[in-house]
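Subject: Structure handover

Hello,

Below is the structure I said I would pass on. My notes on it follow.

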Amino acid sequence: IHESKFSPDSHATLSGILAQARRVGLDAICITDHDDNEIRYEARALSAEIGYLIIPGCEVLTHEGDVVVFGVDDLPKEKVHAAELLAYVNARGGVGISAHPFRTNNRGLGENLRSVPGLAGVEGFNGNTDLEHNLQACQLAGALGLPIFGASDSHHVPQVGKYATWFPDEIRTEADFVAAVRAGNMRPAISLDGGFTLLDYVREQ
């Protein structure tokens with residue numbers, strides 16, 4: 001989710017995002033602004049205050065496309081290649097996920113998924129990407145044996161929770177979340193009829 005303070009293309013405030021997230025039944029949210037993770041200070045303080053998990057991350061534009069990273073506060077200052085970013089993040093105990101790889105805005109990894117090492121998974125169901133390109137992402141991720149995530153990628157409050165990611169175990173902290181992402185045991189979900197429905201896909205082993 002992108003919020004408006006640090007993502008100029010967003011029209012959603014953190015308070016509005018939280019209200020919608022609770023309304024649709026999300027147990028936690030991830031805030032991933034564009035090339036900026038300054039929201040982490042406000043997000044962590046608010047999360048502790050209200051007892052609702054807000055996980056700060058960052059959507060980083062690399063030379064090959066966008067990678068969403070979690071678990072690392074200090075990020076490279078310059079634009080780097082995806083492999084460099086992932087090596088940096090993984091070495092510091094974080095994780096990186098390919099964002100909307102086949103969206104037609106020249107910001108996805110696309111076929112580079114085949115050659116970029118170190119990814120923890122792929123956004124297969126992205127709320128701002130059309131179904132054809134979401135399914136293309138799922139197909140390639142499945143063929144490569146990469147876990148698939150769901151994400152709303154919302155820039156407006158009503159979009160929050162369009163897609164989500166389900167984890168089998170309770171996640172209480174950012175560290176729990178990073179460990180769960182690294183374990184790769186999750187499923188994407190879609191918001192339907194006032195609840196969430198898990199989505200199936202074929203993942204080769």
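The model is predicted. I start with strand 6, which covers residues 148-151. Ile148 and Gly150 point one way from this strand, Phe149 and Ala151 point the other way, and all are buried. In a regular strand, side chains alternate between the two faces of the sheet.

Strand 6 runs parallel to strand 5 (residues 121-126), and four bridges join them. Within this pairing, Asn126 stands opposite Ala151. With helix 4 (residues 131-144), the two strands make a β-α-β unit, and the unit is right-handed.

Strand 1 (residues 28-34) also has a parallel partner, strand 2, with seven bridges between them. Ala28 has Leu53 of strand 2 as its bridge partner. The chain passes from strand 1 to strand 2 by way of helix 2, in a right-handed β-α-β crossover.

Helix 1 (residues 14-24) has a buried set made up of Leu14, Gly16, Ile17, Leu18, Gln20 and Ala21. The buried residues of helix 1 pack against strand 1, helix 2 and strand 2. An α-helix has 3.6 residues a turn, so residues three or four places apart point the same way. After helix 1 comes Gly25, with a positive phi near 95 degrees.

Next, the core. The largest nonpolar core contains 27 residues, and Val67, Val69, Leu85 and Leu113 have the most contacts inside it. At least two residues of this core come from each of strand 2 (53-61), strand 3 (66-70), helix 3 (82-91), strand 5 and helix 4. For Val69, the contacts beyond four places in sequence are Gly57, Cys58, Val60, Leu75, Leu85, Val89, Val95 and Gly96.

Asp66 is in strand 3. Is Asp66 buried or exposed? Asp66 has a relative accessible area of 0%, so this residue is buried. Apart from residues up to four places away in sequence, Asp66 touches Glu59, Val60, Leu61, Ile97, Ser98, Ala99, His100, Arg107, Gly108 and Leu109.

Asn106 has a relative accessible area of 78%, so Asn106 is exposed.

As for voids, the structure holds one cavity of 30 Å³ or more. The volume of the largest cavity is about 60 Å³. Its lining consists of 13 residues, and Asn37, Pro56, Gly57, Val72 and Asp73 are the closest to its centre. Helix 2 (39-50), strand 2 and strand 3 are the elements that give two or more residues to this lining. Strand 2 gives the most, with three residues.

The largest pocket has a volume of about 810 Å³. It is lined by 37 residues, and those nearest its centre are Leu26, Ala28, Ala164, Thr165 and Phe167. Strand 1, strand 2, strand 3, strand 5, strand 6, strand 7 (163-166) and strand 9 (195-198) each supply at least two residues of the pocket lining.

One of the residues nearest the pocket centre, Thr165, has its place in strand 7. Why does Thr165 count as partly exposed? The relative accessibility of Thr165 is 24%, and the partly exposed class lies between the buried limit, under 20%, and the exposed limit, over 50%. Leaving out neighbours within four places in sequence, Thr165 is in contact with Phe149, Gly150, Met186 and Arg187. Phe149 and Gly150 belong to strand 6, where they point opposite ways. Ile148 is 17 residues from Thr165 in sequence, and the C-alpha to C-alpha distance between the two is 8.6 Å.

That is what I have on this model.

Regards

Definitions and conventions: Residues are numbered from 1 along each chain as its sequence is written. This is a predicted model: local features need pLDDT of at least 70, side-chain atom pairs count only at pLDDT 80 or more; totals for chains, interfaces and linings use all residues. Side-chain values use heavy atoms; hydrogens and water are left out. Buried means under 20% relative accessible area, exposed over 50%, partly exposed in between (1.4 Å probe, protein chains only). Two strands pair if DSSP finds at least two bridges between them. A crossover is right-handed if, with the strands pointing away from the viewer, the path from the first strand over the helix to the second runs clockwise. A nonpolar core is a set of buried Ala, Val, Leu, Ile, Met, Phe, Trp, Tyr and Cys residues joined through side-chain atoms within 4.5 Å. Contact means heavy atoms within 4.5 Å. On a 1 Å grid over the protein atoms alone, a cavity is a set of points where a 1.4 Å probe fits but cannot get out, and a pocket is an open set with protein on both sides within 12 Å along at least five of seven lines; lining residues have an atom within 4 Å of a point. Grid points are joined across faces, edges and corners, and a volume is the space filled by probe spheres set on the points.
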